[in-house]
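The following exercises are to be worked with the sequence and the coordinates at hand. Each task is followed by a solution in steps.

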Amino acid sequence: MKVLTCEMDFPSTLKRCFEHRNVDTFAKRFRCNTRQLVTVFVALAFSTAFTVMARASDHLDSPASVANPAADIADMYAWTSPEGKRLNLIMTLQGHTFSDKVQYVFHVDSGKAFGHTTATTSIACRFADSNAVKCNVGKEDFASGDPTDSAGLEGRNHRFRVYAALRDDPFYNNIKGLVGAYTTASTAIKNGAAVDGAGCAHFDEATVQSIVDQMGHTDGGPAQNFLYNWTVSAIVISVDLGAISKGGKLLAVWGTTSIAGKPLNRMAQPFVKNTLLGVAPFSTDDPSGVRRDEFNAALPTTSAKFIPDLEKTLAFQDSLDGKCGNQLLAASEETSARYRPLAKLFAEDRLWVNSASNVCTQFFAVELAHLKGDKTLSMDCGGRSPTYDTSNVWRSLLIAGATTGTTDGLHQDEHPPSATEFPFLAPADPRGVNH
């Protein structure tokens, strides 16, 4: 999940706004979209937590991608079709137009063993305008024309089809509840909660209960989707598996945007940059913004330098249930290496899909099957379907090492998407708050 830009004096104005917690008034007055406020909420909570806990700054959004909303990837999705013959892909973007200067690319790496890929196919698209796209699936197929019909634009060799237009954003998140939980944890750390050698804070029972209560509610009431009726631009691809799986049945998917060969945005897993890589103080020349640009410019094979950043934020997530060391892949020992295995996975940042399966039920299924030996998921395609309860699975894995049990109180979008009916995402709601 990513954010858009607002006014030129946004950093200082926004900081003053959040000091007074007057979010709704701010959004209306300064014409800031709601999704922008999502990352800023987390910014305030995390910057407090890590200034105290690890003396490490967190990171707001990448300056380069914020300045180019048409190139700003919101989310990536990848899963197999029910008949088991196609890979479905979605890239959502914050801007409401596609840029004729931006190249949009789905990278599909393939291999026979988890963590090791031997072939890559790029699906690259360029737009002359909203009704004119050119897309290549490597050298396998090519499509050119109007991509806005809901049936999609078919490739000349009939190996893929593409749709691109405004759609409802399937992502949902009770961000106010989460910020309440993070703020409670941050305050406890500031007030002296013990932090172990791995960076995980040890909270008392009352603090943990407060964190749980805050996380599942909005302003003390029922959970509300902070991205209600949110609209994004979406590029939707359905491609023959044979065209993109030259290296093997295990696929690793990631997306990029670039201008004239200069990378602007890289994304696959949700929450890596705006929650795990972190959020920054609000100065326009903050070096952590450069750090995010560095992440966007890196490749999965050149991202090891971000592992220490991710270890710190993973430690914070692990602390939220009051039990340190029970996060997915976390070691029991209180050492700096406790969170390294999961940090390596997130630094690489690829969505893993088992294309041998047409059963897709679980976010992180491939990772759990191979790294945890979960045989019940060995034939799940994994990846990320827009119908998965991804946010809560992610939280459960990072807070308690399970796929369920931790929730922000929401489990579906107000406009449910489909995993089977192309183009999968619901039409944009004309009442959308960001129109």
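The structure examined here is a predicted model.

**Exercise 1. Two helix pairs**

Task: Determine how H5 and H6 are oriented to each other, and how H9 is oriented to H12.

Solution. 

Step 1. Two packed helices are described by the angle between their axes and the distance between the axes.

Step 2. Helix H5 spans residues 175-190 and helix H6 residues 205-215; their axes come within 6 Å and cross at roughly 160°. Since angles over 145 degrees count as roughly antiparallel, H5 and H6 are therefore roughly antiparallel to each other.

Step 3. On the H5 side, the contact is made by Gly177, Leu178, Gly180, Ala181, Thr184, Ala185 and Ala188. H6 contributes Thr207, Ser210, Ile211, Gln214 and Met215.

Step 4. For H9 and H12, the axes come within 6 Å and cross at roughly 90°. H9 is therefore roughly perpendicular to H12. Leu314, Gln317 and Asp318 of H9 meet Trp394, Leu398 and Ile399 of H12 in this contact.

**Exercise 2. Disulfides**

Solution. 

Step 1. Cys125 is joined to Cys135, with the sulfur atoms 2.1 Å apart. The angle about this S-S bond is 115°, and the link is right-handed. Cys125 belongs to strand E4 (residues 119-129) and Cys135 to strand E5 (residues 132-137), the two cysteines being 10 residues apart. Both Cys125 and Cys135 are buried.

Step 2. Cys200 and Cys324 form a disulfide with an S to S distance of 2.0 Å. The torsion about this bond between Cys200 and Cys324 is about -85°, so the disulfide is left-handed. The pair links distant parts of the chain, 124 residues apart: Cys200 is in the loop between strand E9 (194-195) and strand E10 (201-202), and Cys324 in the loop between helix H9 (307-319) and helix H10 (340-348).

Step 3. Burial means under 20% relative accessible area. Cys200, at 0%, is therefore buried, whereas Cys324, at 21%, counts as partly exposed.

Step 4. The sulfur atoms of Cys360 and Cys381 are 2.1 Å apart in a further disulfide. The torsion about the S-S bond of Cys360 and Cys381 is about 125°, so this disulfide is right-handed. Cys360 lies in the loop between strand E14 (351-354) and helix H11 (365-371), and Cys381 in the loop between H11 and helix H12 (390-400), so the pair ties together parts that are 21 residues apart in sequence. Cys360 has a relative accessible area of 22% and is partly exposed; Cys381, with 0%, is buried.

**Exercise 3. The nonpolar cores**

Task: Identify the residues with the most contacts inside the largest nonpolar core, and list the contacts of Leu89 beyond four places in sequence.

Solution. 

Step 1. The largest nonpolar core has 92 residues, and those with the most contacts inside it are Leu87, Leu89, Ile235, Ile237, Val239 and Phe346. Strand E11 (residues 231-240) supplies the largest share of this core, six residues.

Step 2. Apart from this core lies another, of 18 residues, which includes Tyr182, Ile189, Ala193 and Val208.

Step 3. Neighbours within four places in sequence being left aside, Leu89 is in contact with Tyr77, Ala78, Phe106, Val108, Ile123, Ile235, Val236, Ile237, Val239 and Val253.

**Exercise 4. The setting of Glu154**

Task: Is Glu154 buried or partly exposed, and which residues does Glu154 contact?

Solution. 

Step 1. Glu154 is found in strand E7 (residues 153-154).

Step 2. The relative accessible area of Glu154 is 35%, so this residue is partly exposed.

Step 3. Beyond four places in sequence, Glu154 is in contact with Arg86, Ala143, Phe160 and Arg161. From Glu154 to Phe142, 12 residues apart in sequence, the C-alpha to C-alpha distance is 8.7 Å.

**Exercise 5. Confidence**

Task: Locate stretches where pLDDT stays under 50.

Solution. 

Step 1. The protein chain has a mean pLDDT of 86, and 81% of its residues reach 70 or more.

Step 2. Over residues 1-60 pLDDT stays under 50, although the model has 162 contacts beyond four places in sequence for them. Residues 279-286 also stay under 50, with 27 such contacts.

Step 3. Where pLDDT is low, the predicted coordinates should not be read in detail.

Terms used
Residues are numbered from 1 along each chain as its sequence is written. This is a predicted model: local features need pLDDT of at least 70, side-chain atom pairs count only at pLDDT 80 or more; totals for chains, interfaces and linings use all residues. Side-chain values use heavy atoms; hydrogens and water are left out. pLDDT is the predictor's confidence in each residue, from 0 to 100. Contact means heavy atoms within 4.5 Å. A disulfide is a pair of cysteine sulfur atoms within 2.5 Å. Helices (H or I, at least four residues) and strands (E, at least two) are DSSP runs, numbered from the N terminus. Buried means under 20% relative accessible area, exposed over 50%, partly exposed in between (1.4 Å probe, protein chains only). A nonpolar core is a set of buried Ala, Val, Leu, Ile, Met, Phe, Trp, Tyr and Cys residues joined through side-chain atoms within 4.5 Å. Axes are lines fitted to C-alpha atoms, for helices over the stretch in contact, and angles run from 0 to 180 degrees between N-to-C directions. Angles under 35 degrees count as roughly parallel, over 145 as roughly antiparallel, 65 to 115 as roughly perpendicular and the rest as oblique.
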